[in-house]
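I am keeping these notes while I look through one structure. Each entry says what I looked up and what I found.

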Amino acid sequence: MAHGTALPARYAVFGHPVSHSLSPAIHRLFGEQCGIALEYTAIDAAAESFADAVHRFLAGAHGANVTLPHKAAAFALADERSAAASRAGSANVLTRLPNGRLAAHNTDGAGLVRDLVERQRCALAGARVLLLGAGGAARGVAWDLLDAGVQELTIANRTADTAAALAGSLGVTRGRARYWQDLAELGGFDLIVHATSAGMLGQQLELPRSLVGPRTVGYDLSYGAGAQGFLDWARSAGARAACDGLGMLVEQAADAFALWHGRRPDTGPVYARLRTAA
Ligand code: ATR
């Protein structure tokens, strides 16, 4: 039985497409490591059938992860929302509570920060950070970067109004928007977080090399082919490190696992195994 409920230990990740998702493998490895028997599948649901599919699944299961393009819809359908989900306006974790209500949570930002600090040894306290993009992925991590103590979070987006809206909603002077066309005038950053969907769409961003200095870490929130263009650019511009989002994926999954099972697994061996297979 799943932690704290009488429901079977059934879990799933919802996405569209979802066949590429590593979440089933990650949660099964976590389960093996912790001696917790669980079933974890991938469910492909189109936008129009997502809410019905989630309600049907969670009527007889304990929890679900949600990936693109359903994170905002997952947030909207929940009965209760954590602070992390509320500020992002999206959820990557849905949990059926013992009273039958659905709770939304977002572990993406915490996963990014943990991967940056613990695995990539990227100091965030006092750092100058550039966030490229202001869509769902960017909103999912912006507050956590500020919470981690960055000195300045500069948000640049192709559509300037969206960057201004995100910066405004952060409510702190450390978070500010800048025009995409002014990127060449911003100088270098300690960390550049790539959160646009350009790579997933097969589009290459034109970014000025002046954003990168010898201490810069480039981080793409995605992994696989979608991350390649940004990582190649960061390396060629001279970044100290160029990291894809595989570590973030494993860390956000570990936080979901902890929420459901009351125990956070050791992510190191699981990350190493996925990295070797990648
Ligand atoms: P996600 O949930 O993956 O973040 P999204 O909410 O649709 O998806 O946001 C996509 C982000 O990628 C947006 O910031 C988008 O910029 P716009 O707001 O101008 O649309 C950005 N994006 C997508 N393709 C881009 C491109 N070719 N160049 C620059 N930014 C791009």
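**Entry 1: C243.** I looked up how well covered C243 is. Its relative accessibility is 7%, and residues under 20% count as buried, so C243 is buried. The model is a predicted one, and I read every value here with that in mind. C243 is found in strand 12. I then listed what C243 touches, leaving out residues up to four places away in sequence: Q120, V217, G218, Y219, D220 and L231. I also checked C243 against W260. The two are 17 residues apart in sequence, and their C-alpha atoms are 28 Å apart in space.

**Entry 2: the chain as a whole.** I counted the secondary structure and got 10 helices and 12 strands. Next I checked the radius of gyration. A compact globule of 278 residues would have a value near 19 Å, and the protein chain has 18 Å, so the chain agrees with that rule. Along the principal axes, the C-alpha atoms fill a box of roughly 55 × 40 × 35 Å. Buried residues make up 53% of the 278 residues. I also looked at contacts between residues at least 6 apart in sequence. Of these, 67% join residues at least 24 apart.

**Entry 3: surface and charge.** The protein chain exposes about 11900 Å², and carbon and sulfur atoms supply 53% of that area. I counted 25 positive and 24 negative charges, and their mean positions are 3 Å apart.

**Entry 4: salt bridges.** How many salt bridges does the structure hold? I found 15. I looked at three of them in detail.

The side chains of K71 and D108 meet in a salt bridge, with N to O at 2.8 Å. K71 lies in helix 3 (residues 71-77) and D108 in helix 5 (residues 108-119), so this pair ties together parts that are 37 residues apart in sequence. D108 counts as buried, at 9% relative accessibility.

R275 and D244 form another salt bridge through their side chains, at 2.7 Å from N to O. This pair links distant parts of the chain, 31 residues apart: R275 is in helix 10 (residues 267-277), and D244 is in the loop between strand 12 (241-243) and helix 9 (246-261). Are the two partners buried or exposed? R275 is partly exposed, with a relative accessible area of 33%, whereas D244 counts as buried at 13%.

E251 forms a salt bridge with R264, and their closest N and O atoms are 2.9 Å apart. The partners are 13 residues apart, with E251 in helix 9 and R264 in the loop between helix 9 and helix 10. E251 counts as buried at 3% relative accessibility. R264 is partly exposed, with a relative accessible area of 27%. I then traced shared partners and found one network of salt bridges that joins D115, R119, E251, D255 and R264.

**Entry 5: helix 6.** Which residues of helix 6 (residues 136-147) are buried? I noted A138, G140, V141, A142, W143, D144, L145 and L146. I kept a general rule beside this list: an α-helix has 3.6 residues a turn, so residues three or four places apart point the same way. After helix 6 comes G149, which has a positive phi near 95°.

**Entry 6: backbone exceptions.** I wrote down the background first. Most residues other than glycine have a negative phi, and most peptide bonds are trans.

Then I looked for cases that depart from it. The peptide bond from H16 to P17 is cis, with omega near 5°. P17 is placed in the loop between strand 1 (10-15) and helix 1 (23-34). Another cis peptide bond joins L68 and P69, where omega is about 5°. P69 lies in the loop between strand 3 (63-66) and helix 3. I noted that helix 3 is also where K71 lies.

What is the phi of R121? It is near 55°, a positive value in a residue other than glycine. R121 lies in the loop between helix 5 and strand 7 (128-132). Its relative accessible area is 63%, and over 50% counts as exposed, so R121 is exposed.

Definitions and conventions
Residues numbered from 1 in each chain as written. Predicted model: local features only at pLDDT ≥ 70, side-chain atom pairs only at ≥ 80, totals over all residues. Heavy atoms only, no water. Salt bridge = Lys/Arg side-chain N within 4 Å of Asp/Glu carboxyl O. Helix = DSSP H or I, 4+ residues; strand = E, 2+ residues; numbered from the N terminus. Buried < 20%, exposed > 50% of the residue type's maximum accessible area, 1.4 Å probe, protein only. Rg over C-alpha atoms; globule rule 2.2 N^0.38 Å. Contact = heavy atoms within 4.5 Å. Areas by Shrake-Rupley, 256 points an atom, 1.4 Å probe, with all protein chains shown as cover. Lys, Arg positive; Asp, Glu negative; His and termini not counted. Charge placed at Lys NZ, Arg CZ, Asp CG, Glu CD.
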